[in-house]
Every structure is written in C-alpha cells, then in structure tokens.
Amino acid sequence: MLPHSHLDEIARKLVILPAVAPAAVVATAFAGPAGFDFAHGSAFATEGRGSDARAFFDLASISKSFLAITVARLAQRGRLSFETPLRDLLPEASGFATGSASVLSLLAHRAGLEAHRNLFSPLLSGLPFDRAAAIREALQSRRPECEGPAPASGYPPVYSDLGFALLGLGIERLEQLPLDQVVEREVCGPLRLEVGSARALRARRIDFPTRCMPTETVPFRGGEVRGVVHDENAWALSGHALSGHAGLFGTALSVARFGAALLDACYGRSAWLEAKAFAPLLAERPGGTLRAGFDGKSADQSSAGSLAGQRSFGHLGFTGTSFWCDPDAGRVLVLLTNRVCPTRNNPRIRAARPAVNDALYAFHR
C-alpha cells in the first residue's frame, strides 16, 4: 500500500492540467492469492492545506452504495427484507402510494419517483426549513405515469435521489439511530474505513477540516463549502450527519478498500457480507444499467473506461468522484476529485473519468 509516482502523473495529467478539478486522488486495488494490494497517487493545483493522498473528499452519491450495503447487512441479519415496503420502515409513508414501494425498488430506482426536487428551496428565500414538509414532498414525488401501488418488479427506472433519501430515513426509524451511526456500525467500522459523515469525522479527527477538499462556492450558504456536504437536500435534511443519498466523506484508499471488500463478497470469501445477501444488489434489470445502489457498465462510452469488464459495477458522485469494481479482473478503480470547486458548471469530468480509469487499469504493481 504505497504511493506510486506513475499514479501521481495520472492524477496530474488527466485531472489537474486539463482543469477538471483543483484536487485529485486516485487509487487502485489488485486481487491476489493472499488478498488485495493497494496503490494510490495524488495531484493538486495548489499544494498545502493537507493536499496529499490522505485528503478527504465529499463522496456525494457514492453514499448510495454504502446505504445499499448497509441494507444488505441488515437483510443478512433478518432486520428487514428487500421486499419490505417503505411504510413498514417509515410511518410517514403510510397513506402515500410511495409507501408500497419495496426496499429493493427504492435501491434500484424503480419506485416511480421523480429524479429530484429542491426540498431545500425555502432556504434560498431565508425561510425556515420544515423537515416534515420536505419528507411529505418527497413521498408525493411519484411520476404521473406511475400511479397506484408499485408492481413487484417496480416501475421503469429513473435515477432518483428522493428514493434513497426516504429509505435512509426509514433505516433510521428501524434502527432507532442516526443513519451515519448505522452505516458506521455495519460498513465503515467493520472494514476500518476512513469514511463517515462530516460530524463523525470531525469528532474523531481534529485535522478533518484541513484535510477535507473544498467543493463549491455557494453564496446562500456563506461562500466556500468545505467539510460540509455539498448536496443541498442532504444539507437541509441532515445537516452535518448523513442522508440516504449523500453525506459521506472519505479517502481514496478507503473507497478502494470498500470496493475490495465488495469483490470479496462477490467471490464468496467474505464473513462480513454473504454473497447471497449481496447478489440482489448486482442483479441486471431491464431498462438500463442501473443495479440497486450501484450502476453497471454501459455498452458505449462508459465512465468505467474501455478496459473494465462487462460485469463491472460501481457508482459516480456529482462532486467528481467515482469507483468501479471489476470482479473478473479483480480490480478496483477509484477517482476522487472536487470538480465542483469553485463551480458545478464544469463538465470536463465526463471525459476525464474513462481516461483515468483506463490509465489505472493499465497500471500494474
């Protein structure tokens, strides 16, 4: 587990020089007979302020994968099943059509919900945020063509933050704990990951604010967002804690370790996560590449790059993050950037992701 100058060059040439982001850390894992080996590299437009491979990044929607694995762990212990309807977890969902959506349909973006709503919008006008009203709005966000009780197979997929936010709230009610504590107990703690909510990392790392890379400059939030979740709905719903769709921060090596643990589960050699508990999340479904808490590799122009195998799975994050796991090659590819700094109006990450992943794939120990 050592930094490698070639990986530094990947980060510098493919992220920093083309102005994709001011900070980038890459990491990769290799499966071998004795387990996984890890390597990482980093590059920064401005050195200092904790700018090294141990930097924390806002993982954004990679948080969804951590929620999905938390659910799988709970299902493994019989705390819930993938068929459990949302209303059994979240009492507020009773009386709403969304309450009939199963845990698995929410994880697979097949609950019939809209992609997004600005639940945080009162804050733009200086008004107080009503959390209960925001939850009701999310529950009411069924798409017009998705009326009535959800079918067992779910509706056609539409990627939705709202379903994950609602499921995260349901897990909190089930476990009677804040979601970040449940994810820590089920995933980050057992795997010894430097991944957690802002409040959890602040509590155990005095240097978290300086090691955390900034994201966007947002006037209504007071300027530079740093060490606080970038996603506005997650910020409004959970503050420094964790929502089901966003709110985790982590290092590239820890995300790589998470990916390696998922591959071990795929291979049936994990005492932490049984293959049968993980399999429903990775099942291919009609209508696209979305799995449950993960995405698969698309046939053309996949962000996973051209070298990753067709069974690869992973997730992207809006802030400029991604990870991919290739079970056939035994490889994990991680790219963490803050491409939204200082503004989200920067699409260069689209070309950078596959280029970085191909370069990581070509890297050998």
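**Exercise 1. In which loop is P342 found?**

Solution. P342 belongs to the loop between β12 (331–337) and α14 (349–362); helices (H or I, at least four residues) and strands (E, at least two) are DSSP runs, numbered from the N terminus. A cis peptide bond, with omega about 0°, joins C341 and P342. Most peptide bonds are trans.

The model is predicted: local features need pLDDT of at least 70, side-chain atom pairs count only at pLDDT 80 or more, and totals for chains, interfaces and linings use all residues. Residues are numbered from 1 along each chain as its sequence is written, and side-chain values use heavy atoms, with hydrogens and water left out.

**Exercise 2. Determine whether F294 and F313 are buried or exposed, and classify their ring pair.**

Solution. Step one: buried means under 20% relative accessible area, exposed over 50%, partly exposed in between (1.4 Å probe, protein chains only). F294 has 1% and is buried; F313, at 2%, is buried.

Step two: rings of Phe, Tyr and Trp (its six-membered ring) pair if their centres lie within 6.5 Å; planes under 30 degrees apart count as stacked, over 60 as edge-to-face and the rest as tilted. The count comes to 12 aromatic pairs. The centres of F294 and F313 are 5.5 Å apart and their planes stand at 85°, so this pair is edge-to-face.

Step three: F294 lies in the loop between α13 (275–282) and β9, and F313 in strand β10, so the pair ties together parts 19 residues apart in sequence.
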